[in-house]
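Hello,

Here is the structure I promised to pass along. Have a look at it first, and then read on for what turned up.

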Amino acid sequence: MNDYELSWVPSKLPLEKTFYKSIYQSLYDDILTGVLKPHDQLPSQRELSYFLDIHFTTVTHAYDLGLKNGLLYTEKGRGTFISPNGISDYTIQGKEGVNDLGILNVTSVENSSAEFYVKEAIKNIPVKKLLRYFTNSSLDESYARATQKWFEYLKIDVSDDMVSLITNGGQNALAIILTALFKPSDTIVVDDFTYSNFIELAKTLHIKLLSISQDDEGMKLDQLEDMLTTHVVAGVYVMPFRSNPTNVAMSITRREKLASLSISHNFLIIEDDYLRYLDVEKTKAIINLAPSHTIYLSSFSKIVAPGIRVALILFDKKFEQKIKHSFTNLNLQEPTLDFEIIKYLINHDFVLKIIDSQMKQIKTSLTLFENVFETKAPLSPFQWVKIDSAINIKQVKERLDKLGIHVLYSPQFQAGGWKSNNNYFIRVSITAINDLVKLEKLLLTIKRTISSS
């Protein structure tokens, strides 16, 4: 068999011992250099072993290592393919010593209302509650009252068939959901640009992501319908209000259609509603449209403080055993101190005062952003800004890095990997810096850097 008949052969031949490691290293190198691109199909194990004149199990070991490390994914009956973002690590973290407009710190400024009310909460927390081993807050009346009050504020209808669970923040909640209800090689559909840490979490758990594009109403569900005819879809992950990073809000029509599709095709919806508290209209939540097919997630790090890791998961009772089993394996117990703080803030209506203060901060920063960029922008703590197509994205990054300005770039959110196009964006956190004079200077610098005019 000749090499031109294969979709790929190792770039470094002859192979070095150990052969399967040599094949894997060639895979890694060719992905890194762009020879192999996201979703490229590899030759079958027998085809490659025949060409290399080695036992096919050697190729199997190499492919298995690629699957384990997230470089590859398989489709039953079709073959083995290159994973998007298989090598790059786009986990979002804050950066010290720079002007960080990448991380979404909304309430982290000193002397904020959040700081004041958190201090009040800590003063009123009985220490004995922090010393116990506690794993079932639903049995505690004050905990149940706080969660009920929070869902009422969000206008989420909670029926008797639903169960809520307190977790250590949104990322921990996603890890619990994925390990409880999905298995390696399952397919989850996401927006073309989606939450970076969800991409990395799926990669860690060997869950395959397929991406489809958005328009002004959210995920294009006609594309999802087409995908459902060719793929077995286990789930759909959406951020329905101010999707991270594009700021798109899913319309009620799209929510209803997605809910209907989940029922007719029997897949799960992970509804990460992390900014619902900013939705003045409180658009109908998907969980109330398809309660038996939706796992709902509400987190507090964007509301109160990044360091207070609390999120609530709401789901149908039929998922209770699996989700609580996963929760126990990952956490052992609930975040007692953090939720005592959240519980106090909710039950005393202090969380509403924090939200009101935050809304004012966002509006002030938003006005500044709109003036600098001469545009109308959505009410959100971050903005999604297009880089001029005449400017190289790598040059933008190098320039901003040199100036000590940290933003996030569209490839970090691209579930389908770096696609060949001229449309690149940056995500700018407009609330990360409370000094408006400094923020204006930084925004002007960013505008000059990403614009050719």
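The protein exposes about 21000 Å², of which carbon and sulfur atoms supply 50%; accessible areas come from the Shrake-Rupley method with a 1.4 Å probe, and for residues only the protein chains shown count as cover. Before the rest, a word on the ground rules. This is a predicted model, in which local features need pLDDT of at least 70 and side-chain atom pairs count only at pLDDT 80 or more, while totals for chains, interfaces and linings use all residues. Residues are numbered from 1 along each chain as its sequence is written, and side-chain values use heavy atoms, with hydrogens and water left out.

**Overall build**

There are 14 helices and 16 strands in the protein. Both are DSSP runs numbered from the N terminus: helices are H or I with at least four residues, and strands are E with at least two. The C-alpha atoms fill a box of roughly 75 × 55 × 45 Å along the principal axes.

Of the 453 residues, 56% count as buried. Buried means under 20% relative accessible area, exposed means over 50%, and partly exposed lies in between (1.4 Å probe, protein chains only). Among contacts with a separation of 6 or more, 73% come from residues 24 or more positions apart, where contact means heavy atoms within 4.5 Å.

As for charge, the mean positions of the 50 positive and 52 negative charges are 3 Å apart. Lys and Arg count as positive and Asp and Glu as negative, with His and the chain ends not counted; each charge is placed at NZ of Lys, CZ of Arg, CG of Asp or CD of Glu.

**Salt bridges**

The structure holds 14 salt bridges, each a side-chain nitrogen of Lys or Arg within 4 Å of a carboxyl oxygen of Asp or Glu. Three of them may interest you:

- Lys-123 pairs with Glu-120, with the closest N and O atoms 2.9 Å apart. The two are 3 residues apart in helix H4 (residues 113-123), about one helical turn. Lys-123 is exposed at 62% relative accessibility, and Glu-120 is partly exposed at 23%.
- Asp-349 and Lys-149 meet at 3.0 Å, N to O. Asp-349 lies in the loop between helix H11 (336-347) and helix H12 (350-373) and Lys-149 in helix H5 (residues 141-153), so the pair ties together parts that are 200 residues apart in sequence. Asp-349 is partly exposed at 34%, and Lys-149 is partly exposed at 29%.
- Asp-215 bonds with Arg-254, with the closest N and O atoms 2.8 Å apart. Asp-215 is in strand S7 (residues 214-215) and Arg-254 in helix H9 (residues 252-265), so this pair ties together parts that are 39 residues apart in sequence. Asp-215 is partly exposed at 28%, whereas Arg-254 counts as buried at 16%.

**Two buried residues**

Ala-146 also belongs to helix H5 and is buried, with a relative accessible area of 0%. Leaving out residues up to four places away in sequence, Ala-146 touches Lys-343, Ile-346 and Asn-347. The C-alpha atoms of Ala-146 and Asn-347 are separated by 5.8 Å, although the two residues are 201 apart along the chain.

Thr-194 sits in the loop between strand S5 (187-191) and helix H7 (196-204) and is buried at 2%. Beyond its neighbours within four places, Thr-194 is in contact with residues including Tyr-237, Asn-244, Pro-245 and Phe-413.

**Backbone points to look at**

Most residues other than glycine have a negative phi, and most peptide bonds are trans. Asn-244 and Pro-245 are joined by a cis peptide bond, with omega about 20°; Pro-245 lies in the loop between strand S9 (235-238) and H9. The bond from Lys-17 to Thr-18 is cis too, with omega near -5°, and Thr-18 is in the segment before helix H1 (19-32).

Asp-53 has a positive phi, near 60°. Asp-53 lies in the loop between helix H2 (45-52) and helix H3 (56-68) and is exposed at 70%. Ser-185 has a positive phi as well, near 85°; Ser-185 lies in the loop between helix H6 (170-181) and S5 and is partly exposed at 45%.

Best wishes
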